[in-house]
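The sequence and the model come first.

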Amino acid sequence: MAEHQELTKTTPKEFALATLGGLFAPALAIFLIVMLVLSIQSRLGEQDAEAIADKAVRERIKPFGVSVALDPNVPRVEMSGEQVYNEVCANCHGSGALGSPKHKDAGAWSKRIAQGWATLLNHALNGFNKMPARGGEPDLSDLEVARAVAFMTNAAGAKFEPVLKKEVEPTAAELARGKVVYAENCASCHDSGVTGAQKLTDAKAWEPLLKQGKDYLYAAAIKGTLGGPAKGGNDKLSDADTRLAVDYMVDVARISVAQAAKAADKKAAK
Ligand code: HEC
Ligand code: HEC
């Protein structure tokens with residue numbers, strides 16, 4: 001009996017350990033559960049914060065005059081250049097983020113302004129390097145973007161009117177003249193694609209070029225590019241005739257791009 005009692009008798013030390021263990025096991029479990037809940041909550045919190053920020057942005061850039069119920073009969077009132085600048089463009093141009101020309105910094109803008117209104121507007125509408133199309137806000141109208149470009153450039157010394165110049169389409173006679181100039185001065189490279197010239201039938205090569213707009217293409221053809229000689233290498237060619245050749249090239253290239261898009265649609269439909 002005495003021996004048996006010896007075996008089961010707990011020493012004060014053992015008792016203390018057992019008590020501590022008994023106390024801490026549930027405490028540890030509770031602690032882990034709390035940590036888990038907290039981590040889930042904080043993750044949810046991030047998502048909420050994003051959703052709220054997103055909604056706040058949409059709310060802020062919502063055009064004025066659109067009723068909360070988005071009544072389609074209420075005419076959409078366009079924002080002023082300053083409003084568009086504050087809501088969208090200032091995100092980068094306010095600080096010069098991503099290498100953007102900073103607002104009111106005449107030095108940063110002077111060379112860009114010298115490119116002329118059409119190029120600036122084209123780059124703002126269609127994007128340019130790290131400059132996203134419409135400042136990354138596709139809901140902005142052409143006119144709103146134009147107003148913002150005028151607002152920013154005029155604050156840096158320009159005197160632009162926010163006009164939306166539609167590209168003037170060449171007449172049939174002009175296209176006919178362009179075709180002749182092209183055949184004499186440009187076809188040697190652009191018919192075959194020799195030396196890397198964009199073939200008129202190469203939709204892939206022309207799609208991005210067409211997006212640059214005609215002002216860019218005229219300038220590229222007249223002044224030359226890295227690979228393309230100025231005026232096709234014929235310095236007697238007038239600027240006007242070079243432009244007509246570009247008009248003709250664009251006309252043909254547009255057909256190539258449209259045909260390629262149609263073919264891709266057909267393939268997708270199959
Ligand atoms: C996400 C940042 C960002 C936002 C937002 C942004 N821009 Fe820009 N923008 C740039 C950068 C970067 C450049 C410089 C691009 C370069 O020269 O390579 C630039 C350049 C420009 C230029 C000069 C283009 C040229 O040909 O030199 C214009 C004009 C312009 N932005 C207009 C706007 C307008 C208008 C808005 C608002 C609707 C806007 N930007 C919003 C980043 C931005
Ligand atoms: C000796 C060959 C050659 C001739 C002739 C030539 N080009 Fe080009 N052209 C090129 C090459 C190469 C490129 C591609 C340049 C590049 O990728 O920068 C090009 C590009 C172009 C581009 C697109 C600009 C760009 O950013 O790539 C236009 C527009 C153009 N040429 C117009 C003309 C016109 C108009 C003529 C006739 C007046 C002409 N070219 C004659 C070789 C030629």
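Which side chain has an N or O atom 2.5 Å from an oxygen atom of ligand 2? It is the side chain of Y216.

The structure is a predicted model, in which local features need pLDDT of at least 70 and side-chain atom pairs count only at pLDDT 80 or more, while totals for chains, interfaces and linings use all residues. Residues are numbered from 1 along each chain as its sequence is written, chains are lettered from A and ligands numbered from 1 in the order in which they are written, and side-chain values use heavy atoms, with hydrogens and water left out.

**Overall fold**

The chain has 11 helices and zero strands, where helices (H or I, at least four residues) and strands (E, at least two) are DSSP runs numbered from the N terminus. Of its 270 residues, 27% are buried; buried means under 20% relative accessible area, exposed over 50%, and partly exposed in between, with a 1.4 Å probe and protein chains only. Among the contacts (heavy atoms within 4.5 Å) with a separation of 6 or more, 56% join residues 24 or more positions apart.

**Ligand 2**

The iron atom of ligand 2 has a single donor from the protein, NE2 of H190, at 2.1 Å. Donors here are N, O and S atoms within 2.8 Å of the metal (3.2 Å for Na, K and Ca), and because water is not among the atoms, sites may look incomplete. H190 sits in helix 8, residues 187–190. The shell around ligand 2 holds 24 residues, the closest being C186, C189, H190, Q198 and Y216; a residue is counted if one of its heavy atoms lies within 4 Å of the molecule.

Helix 10 has the largest share, with four residues. By class, the shell divides into 13 nonpolar residues, 10 polar and one charged. In this scheme Ala, Val, Leu, Ile, Met, Phe, Trp, Tyr, Cys and Pro are nonpolar, Asp, Glu, Lys and Arg are charged, and the others, Gly among them, are polar.

**Ligand 1**

Ligand 1 is also surrounded by 24 residues, and the closest are C89, C92, H93, H123 and M131. Helix 3 (81–93), helix 4 (106–114), helix 5 (117–126) and helix 6 (142–154) each supply at least two residues of the shell. Helix 3 gives the most, five residues. The shell consists of 16 nonpolar, six polar and two charged residues. The table lists side-chain atoms and their distances to ligand 1; a polar contact is a pair of N or O atoms within 3.5 Å, and within protein one must be able to donate a hydrogen and the other to accept it, with residues adjacent in sequence counting only if both atoms are side-chain atoms.

| Residue | Ligand 1 atom | Distance |
|---|---|---|
| H93 | nitrogen | 2.8 Å |
| R112 | oxygen | 2.7 Å |
| N129 | oxygen | 2.8 Å |

**Helices 10 and 11**

The buried residues of helix 10 are K214, L217, Y218, A220 and I222, and they pack against helix 9 (203–211) and helix 11. After helix 10 comes G224, with a positive phi near 90°.

R254 belongs to helix 11. It counts as partly exposed because its relative accessibility is 32%. Its side chain makes a polar contact of 3.2 Å with the side chain of E169. R254 and L210 are 44 residues apart in sequence, with a C-alpha to C-alpha distance of 7.7 Å.

**Aromatic pairs**

Rings of Phe, Tyr and Trp (its six-membered ring) pair if their centres lie within 6.5 Å; planes under 30 degrees apart count as stacked, over 60 as edge-to-face and the rest as tilted. The count comes to three aromatic pairs. One of them, W117 with F160, is tilted, at 5.3 Å centre to centre and 45° between the planes. W117 lies in helix 5 and F160 in the loop between helix 6 and helix 7 (172–185), so the pair ties together parts 43 residues apart in sequence. Both W117 and F160 are buried.

Y182 and Y248 form another tilted pair, 5.4 Å centre to centre with 50° between the planes. Y182 is in helix 7 and Y248 in helix 11, so this pair ties together parts 66 residues apart in sequence. Y182 counts as buried at 4% relative accessibility, and Y248 counts as buried at 16%.
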